[in-house]
Amino acid sequence: QVRLVESGGGVVQDGGSLRLSCAASGRTFSSYTMGWFRQAPGKEREFVAGIMWNGRTTYYADSVKGRFTVSRDLTKNTVYLQMNSLKPEDTAVYYCATQRRGYYTGTYYNSGEYDFWGQGTQVTVSS
């Protein structure tokens, strides 16, 4: 059974920083691409960032490029999302997820390619 648990969300002021963590069990990141998504009230879930199973290739949505950094620690089977220069429009529930296919090199931004999801962690950026 695959289980993902996010942590690190909270309330931060405009321009502040947060680091989200996603601890996994039942699946190793060295075989599966991991993604971060977010969903704001009244909006659809959107891709934020991802790290390929090889650990070297990362992906970012244009809206967060240059501000967010995704990384992983295989010894802890944990993926991180460092979020800097946060803006009110970053306010959302953030989810981590793991792709359904191992060693996949195809699309990474489509939520349908991910089969296991965490429970989400709330990030609120106040202006």
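Guide: The charged end of R45 sits over the ring of W117, 4.7 Å from the ring centre. This is a predicted model, in which local features need pLDDT of at least 70 and side-chain atom pairs count only at pLDDT 80 or more, while totals for chains, interfaces and linings use all residues. Residues are numbered from 1 along each chain as its sequence is written, and side-chain values use heavy atoms, with hydrogens and water left out.

Visitor: What makes R45 count as sitting over the ring of W117?

Guide: The rule asks for NZ of Lys or CZ of Arg within 6 Å of the ring centre and within 35 degrees of the ring normal; R45 is placed at 4.7 Å from the centre of W117. R45 also lies over the face of Y95, at 4.0 Å from that ring centre.

Visitor: Why is the pair of Y95 and W117 called edge-to-face?

Guide: Rings of Phe, Tyr and Trp (its six-membered ring) pair if their centres lie within 6.5 Å, and planes under 30 degrees apart count as stacked, over 60 as edge-to-face and the rest as tilted. By this rule there are nine aromatic pairs. For Y95 and W117 the centres are 6.5 Å apart and the planes at 80°, so this pair is edge-to-face.

Visitor: How do you know whether Y95 is buried or exposed?

Guide: Buried means under 20% relative accessible area, exposed over 50%, and partly exposed in between (1.4 Å probe, protein chains only). Y95 has 14% relative accessibility and therefore counts as buried, whereas W117, at 26%, counts as partly exposed.
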